[in-house]
Amino acid sequence: MNSTKGRTTLDVGADGVAIVTIINPPVNSLSFDVLNSLKDTCEQALRRDDVKAFVITGAQGKFSGGFDISAFGKIQDKSIQAPKPGFVSLEILNDVVAAAKKPFVAAVDGLALGGGLEVAMVSLSRISTPNAQLGLPELQLGIIPGFGGTQALPRLVGIAKALEMMLTSKPVKGEEALSLGLVDALASPNELVNTARQWALDILERRRPWVITFYKTDKLEPLGEAREILKFARAQTRKRAPNLKHPLVCIDVIEEGIVSGARAGLWKEAEAFQALLESDTCKSLVHIFFAQRGTTKVPGVTDLGLKPRSIKKVAILGGGLMGSGIATALILSNYQVILKEVNDKFLQAGIGRVKGNLQSRVKKGQMSQEKFEKTLSLLKGVLDYESFRDVDMVIEAVIENVSLKQQIFSDLEKFCPPHCILGSNTSTIDLNLIGEKTRSQDRIIGAHFFSPAHVMPLLEIVRTQKTSPQVIVDLLDVGKKIRKTPVVVGNCTGFAVNRMFFPYTQAALLLVECGSDVYQIDRAITKFGMPMGPFRLCDLVGFGVAIATGGQFVLNFPERTYKSMLIPLMQEDKRAGETTRRGFYVYDEKRKASPDPEIKKYIEKARELSGVTIDPKLTKMSDKDIVEMIFFPVVNEACRVLAEGIAVKAADLDISAVMGMGFPPYRGGIIFWADTLGSKYICARLEEWSKSYGGFFKPCSYLAERAAKGAPLVRF
């Protein structure tokens, strides 16, 4: 066998137990090589007289991370042929493993996810280590479990728990799996295979029950109750994910098995799996899965063989919302952090914020009191630069003021060691300007977090022409360690995320001044799948921030920005968004938003100042038109970011849109979604609007060129 291919090995002991080991590093994923090898290995061993029983396990302390996801893309683009429906669930797992005349026991360590857990579930018994992770996360990829999971899991843990595990994609640990009945015993990693061996022999000698999972019914709720549970699950799912079909398909497939028996359920599962694999949702989610893992590949940087340097101590300047959030993220991952402020009052407030962030974890049961104290002890507050002499990295998070930042970077150069990375969390100011007065431009880099920094998953790493590859590699490593998805971008106004999305709010303001309804726009955008519409978002970030960042774009991209006075007019009248309880919405004590008829007068005044008139076409728009008029300008700006080389690749912009702005992952990110509609269509719509509503909508040359060729926006 070619050793780079996935495979299984067979090792028969003197006791007659055959150990079948899945080998496919790093997580022993079930590629077609592995599945075919598993079938052959088991069939051959079943014919051998010296084999009495089987233990299935995975190499290197991991059972299996599930089906090989890269094969999905290959099936979708037809570079490999899809196996016939039921090949894995029925022909291999049910007919070879479950129905065998010799007992199979699974020995689970590390992780058994998706197809990995499905292989374990068709064995007669499962032994697990206490910390192993067991789960069926397939719905995250737009499909359903396809190797029998929809039929096996309810029969082992009951319908209610099985639905919860599948619909939330959350794994359980070995200990919980034991109490649920998903596994039959726990053993330490050293004892695992021997315990499973003995268990298999006990089943063979009939000292333990020989029960095929698909025939178990004792855990299934009675039919009447089962129907109620399924009905409730459907209602919850429709409410939680109105744009998604595959969770409902999953519920239907589970129901089929309960009503008509496991074999009928397995057939329905196989057919549904095959159909969902070709769906847009699955294609989008698989794209996002790989896009997220691909952000750390940066040509000319990560392919030079550089190793990340060890970063132990990080200093943060500024303990405001951002600074304290970044400090929280770092200490949660065991970095020593120095927080510097200008006076004691601000310093105590900053430390207080970090404490509050950690305390909310303790409250939610995500952190013990002991861990809280240990984590907090990694943070030290200071008022001067004395303790900066041995820091490995600094992140500046003070207010957006150029001369202040220039002064800070000159000071840092004096006090920090020469290897220290000088980072800035600026979201709008040019990094070249910040480092202009220093001789350290090769170690100046943007580390742009999104608020709240300890929660939001994205980190934009901003490089200038002068930033050294080593510093980028170091920051990518820090990003990974603090569990962020790091995306490397070039230096420009707004970087990638804020720049792509500045037209989002501006398009909405343009529509409202031309006669569209604020609340209809927000509803349409939320229905499309965004966490909130552009106006609700303005209220959340606050009008001060909205005006400051908007101003930067008007200044730098005058020919394609829409200048509206609506937000400044509202701000003059003491409306500043959610914090003042009045913005585009009014807010009650519980921060619940309600429409406010009063905003009409501000809109009329803004319309007057802009000199625009109401366009009857825009007063009665469909949701589809609203979505296109708000998002096509975003696509247009994303094309510029791509053409200028600010982003390394289109997939980085997709992941940035999903993680930085909450763009729905099941639509595959901004460029991926645009390509499902076609560059020709988008360009034509923008052209048409630019004739009626001005340069804001004018397609950029990159988009126009791709449309003229009828080519996708992604260049392969």
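This tour moves from the whole protein to a few selected residues.

**The whole chain.** Begin with everything displayed, and keep in mind that the model is predicted. The secondary structure comes to 30 helices and 19 strands. Along the principal axes, the C-alpha trace spans about 85 × 65 × 55 Å. A compact globule of 716 residues would have a radius of gyration near 27 Å, and the 29 Å found for this protein agrees with that. Buried residues account for 57% of the 716 residues. Of the contacts between residues at least 6 apart in sequence, 73% join residues at least 24 apart.

**The surface.** Switch to a surface display. The accessible surface comes to about 30,600 Å², and 54% of it belongs to carbon and sulfur atoms. If the charged residues are then coloured, there are 91 positive and 77 negative charges, whose mean positions are 1 Å apart.

**Helix α19.** Next, select residues 497–513, which form helix α19. At 1.5 Å a residue, its 17 residues should span 24 Å; the end C-alpha atoms are 25 Å apart, which agrees. Is this helix enclosed or open? Of its 17 residues, 15 are buried, so α19 is largely enclosed by the rest of the structure. Gly 515 follows the helix and has a positive phi, near 120°.

**Strand β2 and Thr 21.** Now select residues 17–23, strand β2, and find Thr 21 within it. Thr 21 has a relative accessible area of 15%, and is buried because this is under the 20% limit. Beyond its neighbours within four places in sequence, Thr 21 is in contact with Arg 7, Thr 8, Thr 9, Thr 57, Gly 58 and Ala 59.

**Two cis peptide bonds.** Move on to the loop between β2 and α1, where Pro 26 lies. The peptide bond joining Pro 25 and Pro 26 is cis, with omega about 5°. Then select Pro 452, in the loop between β15 (444–449) and β16 (458–463). The bond from Ser 451 to Pro 452 is also cis, and its omega is near -10°.

**Two residues with positive phi.** Select Gln 60, in the loop between β3 (53–58) and α2 (70–76). Although Gln 60 is not a glycine, its phi is positive, about 55°. Is Gln 60 buried or exposed? Gln 60 is exposed, with a relative accessible area of 74%. Finish at Lys 574, in the loop between α23 (566–572) and β18 (585–587). Lys 574 is likewise a residue other than glycine with a positive phi, near 65°. With 69% relative accessibility, Lys 574 counts as exposed.

Methods: Residues numbered from 1 in each chain as written. Predicted model: local features only at pLDDT ≥ 70, side-chain atom pairs only at ≥ 80, totals over all residues. Heavy atoms only, no water. Helix = DSSP H or I, 4+ residues; strand = E, 2+ residues; numbered from the N terminus. Rg over C-alpha atoms; globule rule 2.2 N^0.38 Å. Buried < 20%, exposed > 50% of the residue type's maximum accessible area, 1.4 Å probe, protein only. Contact = heavy atoms within 4.5 Å. Areas by Shrake-Rupley, 256 points an atom, 1.4 Å probe, with all protein chains shown as cover. Lys, Arg positive; Asp, Glu negative; His and termini not counted. Charge placed at Lys NZ, Arg CZ, Asp CG, Glu CD. Expected span 1.5 Å × (residues − 1).
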